[in-house]
Amino acid sequence: MKKSVCWLLAFVITLVLSIYQRMTGPTYPKKVTVELNGEQYKVKLPRSGVQKDETVTLKDVPSDVQSQLHYRRYPTADDYTTVDFVWQDGQWQASLPVQPVAGKLQYYLTVGGKDYLSEEPVVIRFRNDVPAGILVPHILLMFASMLLAVYTFLLVLTHKPYRRWLWITVATLFVGGFLFGPLVQHAAFGPWWTGFPYGTDLTDNKTLLSFLCFVAALVTLRWKYNKWVVCLAVLFMVAIFSVPHSAYGSEYDYTTQQLKK
C-alpha cells in the first residue's frame, strides 16, 4: 500500500471518529422532533452555554402555537421555573438564565400543550468563552495526533518504517493534550487539570491514559514485538477517544457554591 493511500485512509478514519465524538458528546445540541397537527418540526436544544443568558429557539414552529420552557438548577430538587416562549424575529424564543462557571440547568419543553423531554430533561452547562488562540490549536493538535496515530498504525500493518512517525505522534499528543489542553480547561472553567488524581473529567483522563500507552510504545522501541505495542496503543487511543467529549467534567455545586472537578 502506497503512503499516499495510508494518509488518505488515516484522514478518513480520523474524520469519522472526530464527527462521531462530536455528535455523541454532552455539549452537542440535543435534537427533538415536535409534532403538531400531523406535521413534524425539528428543534435543536443547546447543551453548552457561555457566560450569558442562553436563548432556546423553536424555528419553523407556527406563530399561533403557544409554548413554554421549564428549567431548574442541576443537580437539585428545586421546583421548575416556567417561562413562555415569545415570538421574536420570526421564531419562538425563551431564555435560560446564565449560571456560575460550570453551573448546570436541566430543562424541557411544552409545545402546543404537549411535554417534550420531561422524563429526560436536557442538561446545559455554562462556561467562560475560550479564546480562539488556544482553542483552535488545541483542536487541531488533538486531531493531528489521532491522524498521525492512525497513519503510524497503517505503516505497521503494511510493514513500513514507523518509528519516526511514532515520535511525532507522541510529541503532537503531548503538546495538544498537556500544554494546550490545560490552557483550554483553565480558560473555560478555572482549574488547569481535572483528571486523575484531582478529578474525574473523562477528557483529561483519556488523554492521560492514551499518552501513557504511547510512552510504553516508545520505551519498548528496541523490543522485537514493539509493533504490537504500537498497534495496541493506537487501538486503545481510538477506543477511548470515542468516549463522549467533556463527560464527567467540572461541575458547580449549588449547595457548597464551589466548583467540583
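Asp-60 is found in the loop between β4 (54-58) and β5, with strands being DSSP E runs of at least two residues and helices H or I runs of at least four, numbered from the N terminus. This is a predicted model, in which local features need pLDDT of at least 70, side-chain atom pairs count only at pLDDT 80 or more, and totals for chains, interfaces and linings use all residues. Residues are numbered from 1 along each chain as its sequence is written, and side-chain values use heavy atoms, leaving out hydrogens and water.

**Loops worth a look**
- Phi of Asp-60 is near 75°, a positive value in a residue other than glycine.
- Asp-60 is exposed, at a relative accessible area of 65% (exposed is over 50%, buried under 20%, partly exposed in between; 1.4 Å probe, protein chains only).
- Ala-102, in the loop between β8 (91-96) and β9 (104-111), also has phi near 75°, but is buried at 0% relative accessibility.
- Tyr-74 and Pro-75 are joined by a cis peptide bond, with omega about -5°.

- The buried residues of α5 include Val-230, Ala-233, Val-234 and Met-237, and its buried residues pack against α2 (132-157), α3 (163-189) and α4 (202-219).

Notes. Contact means heavy atoms within 4.5 Å.
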